[in-house]
Amino acid sequence: NDVLTLEKLEKCYNRGKPGEISVLRGVNLTIPRGQVVALVAPSGAGKSTLLHIAGLLDTPDSGRVAINGQELSGASDRRRTEARRNELGFVYQFHHLLPEFTAEENVMLPQLANGAGKAAARARAGALLDRVGLSGRIDHRPSALSGGEQQRVAFCRALANAPSLLLADEPTGNLDPATSDTVFGVLMDLVRETGMSALIATHNLDLAARMDRVLRLEAGALTE
Ligand code: ADP
Ligand code: ADP
């Protein structure tokens, strides 16, 4: 019942060329259902590389990536895209919402792309936005929302297709400390309620301490 399994991941950039850098040197990680894991890493340690490989956006040189027991590191692009859409949710430091669409539409779009009907997608978007305290903001475009509100919409979008694993890269890194604290609490509540698993990169050790488990990425490997 493991949602994510990474086995012996190796990743090197510029192999055999000047600037060769071995970023992952045997990364192993198992995340069971419902577990929320903090990933702490100094800048340049390979945090983004690790999240991209776990998120099926990049491939390792060797090693295994399994999502819900399905081995996907060597799978076709089609299967990997399907898994990204159905089983993974992504949140970044910057919201990456589509500027020309409203909050509600931004949360509807991944559902429509997955074949949901418009009414169902709207209903789910409304429920999610309500859950994060944005029921009064559903018709606003991102530019009309505060940083904390934009990020809350981004959480709803990430959860729109009810993924089993959330991958987040400094999800509140762009916010001032007080807002970051509140908005992070909203994210944790959402994750706990849905019972999903999460791998959340953060520099903030107070936030990391609120998760189930803290891992450090250093010298190409993970330590508890
Ligand atoms: P982090 O997210 O922890 O800052 P990254 O995973 O972005 O680290 O990068 C780890 C190391 O790999 C850095 O030294 C970075 O410069 C290098 N790197 C990342 N992506 C590439 C790439 N596409 N080509 C060459 N080097 C890269
Ligand atoms: P499509 O082009 O059909 O939307 P993609 O492969 O681009 O399919 O997207 C599938 C999923 O992966 C989407 O939910 C998207 O958010 C995510 N995704 C795609 N590319 C990236 C990326 N570079 N960084 C983060 N998430 C991505």
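**Notes on the ligand 2 site and the cores**

1. The shell around ligand 2 in this predicted model is made up of three nonpolar, one polar and two charged residues. (Ala, Val, Leu, Ile, Met, Phe, Trp, Tyr, Cys and Pro count as nonpolar, Asp, Glu, Lys and Arg as charged, the others, Gly among them, as polar.) Surrounding the ligand are L57, T81, R84, R85, F90 and Y92, where near means a heavy atom within 4 Å. Helix α2 (residues 77–87) gives the largest share, three residues; helices are DSSP runs of H or I, at least four residues, and strands runs of E, at least two.

2. Now the polar contacts (N or O pairs within 3.5 Å). Oxygen atoms of ligand 2 sit 2.6 Å from a side-chain N or O of R84 and 2.4 Å from a polar side-chain atom of R85. Y92 places a polar side-chain atom 2.7 Å from a ligand nitrogen. Taken alone, ligand 2 exposes 540 Å², and the protein buries 45% of that (Shrake-Rupley, 1.4 Å probe).

3. On to the largest nonpolar core: of its 38 residues, V107, V153, L166 and I200 touch the most other members. Such a core joins buried nonpolar residues (under 20% relative accessible area) through side-chain atoms within 4.5 Å. The largest share, seven residues, comes from α6.

4. V153 touches L97, A103, N106, V107, L129, L134 and L145, leaving aside residues up to four places away in sequence; contact means heavy atoms within 4.5 Å. Another core lies apart, with 32 residues including A54, L88, L199 and L222.

5. Housekeeping: residues are numbered from 1 along each chain, and ligands from 1 in the order written. Local features need pLDDT of at least 70, and side-chain atom pairs 80 or more, with hydrogens and water left out of side-chain values.

Key
Polar contact = N/O pair within 3.5 Å; in protein donor to acceptor, adjacent residues only side chain to side chain. Buried < 20%, exposed > 50% of the residue type's maximum accessible area, 1.4 Å probe, protein only.
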